[in-house]
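Subject: Structure handover

Hello,

Here is the structure you asked about, with notes on what was found in it below.

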Amino acid sequence: MSLREVSTASDLREFYDVLIIGAGPAGMTAALEASAAGARVAVLDENPRPGGQIYRDITRNRPERKSYLGPDYWKGKQLAEVFDRSTIDYAPRATVWSLEGRDETVAKVRNVVGVTVGGSARMIEADAVVLATGAQERPMPVPGWTLQRVMTAGAAQIALKAAGAMPSEPIVLAGCGPLLYLLASQLIDAGVSDLTVLDTAQSTFRMSVLRHMPEFLRSPYVLKGIRLLFKVKCQACVVSGVRSIAITGTERAEGVLFTTAGGEQAIPASSVLLHQGVIPSTNLTNAAGCELRWNDEQRAFEPVTDNEGRSSRQGIYVAGDGSGIAGAQAAEVSGRIAALAALCDLGLVSVTAVAARLKPLHKQARRFLRGRAFLDALYTPRPSFLAPLNPETVVCRCEEITVRKIREAIALRPPGPNQLKTFLRCGMGQCQGRLCAATVTEIMAEERKVSPGDVGTYRLRSPVKPVRLAELAHLPHTPRALKAVTGRDPVDHDTNETGHISCPDTDIASCGQVQRRRPTSAGSSLTMMASTWKGRPVSS
């Protein structure tokens with residue numbers, strides 16, 4: 001038995017029992033658990049190979065060639081090998097741009113996922129969808145962050161894992177969070193000698209940190225954390241208590257200007273890597289209508305789930321860092337838990353059998369979560385980085401919207417970020433708010449002296465990723481789409497024996513097959529708009 005790799009959308013089945021989005025630690029374990037129970041399983045993955053961010057390119061890399069990636073990285077080798085031997089349908093380089101939750105008022109109606117694979121789009125149905133979309137880096141807007149040779153720490157780590165590529169020296173790593181020191185350690189082991197770490201975290205001796213220390217001392221991360229900090233502080237220049245950062249240069253980064261309690265300093269830099277922790281990736285969860293809540297400890301929105309990963313929408317489950325930042329080992333466990341919950345809800349595994357499996361898994365999850373509160377408190381970003389003070393700092397890179405413009409728009413008293421978006425187009429670019437949503441919420445909360453949870457975040461709609469018109473044009477044209485574009489009821493058209501709608505009028509260039517099931521709304525109007533433009537098919 002081996003993995004069935006899918007290269008085009010047409011190779012996917014029309015229906016799966018369990019459809020998993022993401023092939024990181026949580027996605028792989030969820031798929032293996034569901035497949036072992038006999039469910040029809042597919043994994044849709046944006047990357048070319050399984051592993052996610054933490055285990056990126058684990059199936060291709062070898063310890064003897066990239067030992068600098070560290071022992072935690074190589075833990076994913078065995079998991080990826082087991083995944084590769086499974087009978088799961090695996091679609092790499094897949095873009096999931098829509099998730100329409102089932103209509104809870106209608107019995108036995110499934111979730112519908114819009115996906116593009118190999119240049120063509122497809123709508124796939126599934127009784128259960130497990131979102132294992134992982135985390136994304138929290139944006140860190142500072143003056144000069146749009147210059148060349150400035151990137152996120154995560155992007156630099158991707159280059160290191162995928163291609164063994166390293167940024168040019170001297171390198172400045174700026175921000176806070178465990179990944180900052182992990183990447184510093186990997187760069188040192190890879191041969192970097194001119195490295196400066198600017199730590200922007202607040203004081204280690206705050207009460208919010210100290211009260212969680214006893215629990216952290218009993219966690220599995222203590223020794224690893226101590227070794228990591230000791231190694232980086234011995235082999236790199238580490239500056240703590242950094243209060244502000246500005247990247248200098250004309251077209252590319254040439255230096256960094258920063259302030260501490262001792263005053264202002266300037267250092268040269270050929271590469272600047274920014275990192276301000278990670279937050280759950282909730283774009284797809286948000287667009288599917290799942291309820292979100294504010295996590296004040298992690299300074300991020302996360303989906304509302306129960307202990308087994310069930311979201312507020314029936315048939316949609318969330319696993320891994322996409323449900324709350326907890327790390328790779330916790331993600332593996334949560335993937336298994338979410339899959340078992342889905343199998344139980346679908347009646348594919350008995351309640352008794354699931355309960356027996358869940359008990360040890362919940363115990364493991366509690367162990368891996370131990371000490372998380374300490375790390376969240378220790379690496380809390382400074383307010384001045386969450387809500388930038390410099391009025392000329394760009395917040396929305398897509399639309400080039402500055403802090404000044406955002407604060408001026410907030411003064412007009414829009415109800416929330418969604419209304420602010422209409423004033424400025426902030427969050428309406430290609431990234432759809434991934435690089436600015438968190439900052440906009442923090443600025444608005446600071447201006448109004450309220451919690452970010454009271455402000456809220458962008459309300460997203462499908463498609464959550466860019467989709468070509470040509471891809472949409474290949475989708476079936478449902479009766480609802482015909483009505484939206486032509487203004488005429490589908491019964492006005494003749495339906496032949498094959499189920500195709502006859503379109504005698506010149507305003508309809510092509511009509512797809514009418515599906516004899518509940519029509520899907522996600523992308524349906526766009527489908528017809530894409531397929532007809534003055535009577536001619538549209539090409540991208």
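How many residues does helix H5 have, and how far does H5 reach from its first C-alpha to its last? Helix H5 (residues 178-189) has 12 residues and reaches 17 Å, close to the 16 Å expected at 1.5 Å a residue. Please keep in mind that this is a predicted model. H5 is mostly covered, with nine of its 12 residues buried. Among them are Leu179, Leu180, Leu183, Leu187 and Ile188, and also Tyr181 and Gln186. After H5 comes Gly191, which has a positive phi, near 115°.

Next, the strands around S3. Strand S2 (residues 15-21) and S3 run parallel and are joined by four bridges. Ile21 has Leu44 of S3 opposite it. Together, S2, helix H1 (residues 25-36) and S3 form a β-α-β unit, and this unit is right-handed. S3 is also joined to strand S4 (residues 89-91) by three bridges, and these two run parallel as well. Val43 has Tyr90 as its bridge partner in S4.

Which residues of S3 point one way, and which the other? Val41 and Val43 point one way from S3 (residues 41-44), while Ala42 and Leu44 point the other way. In a regular strand, side chains alternate between the two faces of the sheet. All four of these S3 residues are buried.

Now the charged pairs. Side chains of opposite charge can pair when their charged atoms come close. The count of salt bridges comes to 25. One of them is between the side chains of Arg4 and Asp89, at 2.7 Å from N to O. This pair links distant parts of the chain, with Arg4 in strand S1 (residues 4-5) and Asp89 in strand S4, 85 residues apart.

A second salt bridge brings together the side chains of Arg110 and Glu125, at 3.3 Å from N to O. Arg110 lies in the loop between strand S5 (95-100) and strand S6 (111-117), and Glu125 lies in strand S7 (residues 120-131), 15 residues apart. Arg110 is partly exposed at 31%, whereas Glu125, at 12% relative accessibility, counts as buried.

Asp296 also forms a salt bridge, with Arg299, and the closest N and O atoms are 3.1 Å apart. Asp296 is partly exposed, at 41% relative accessibility.

Regards

Terms used:
Residues are numbered from 1 along each chain as its sequence is written. This is a predicted model: local features need pLDDT of at least 70, side-chain atom pairs count only at pLDDT 80 or more; totals for chains, interfaces and linings use all residues. Side-chain values use heavy atoms; hydrogens and water are left out. Buried means under 20% relative accessible area, exposed over 50%, partly exposed in between (1.4 Å probe, protein chains only). Two strands pair if DSSP finds at least two bridges between them. A crossover is right-handed if, with the strands pointing away from the viewer, the path from the first strand over the helix to the second runs clockwise. The expected span of a helix is 1.5 Å times one less than its number of residues. A salt bridge is a side-chain nitrogen of Lys or Arg within 4 Å of a carboxyl oxygen of Asp or Glu.
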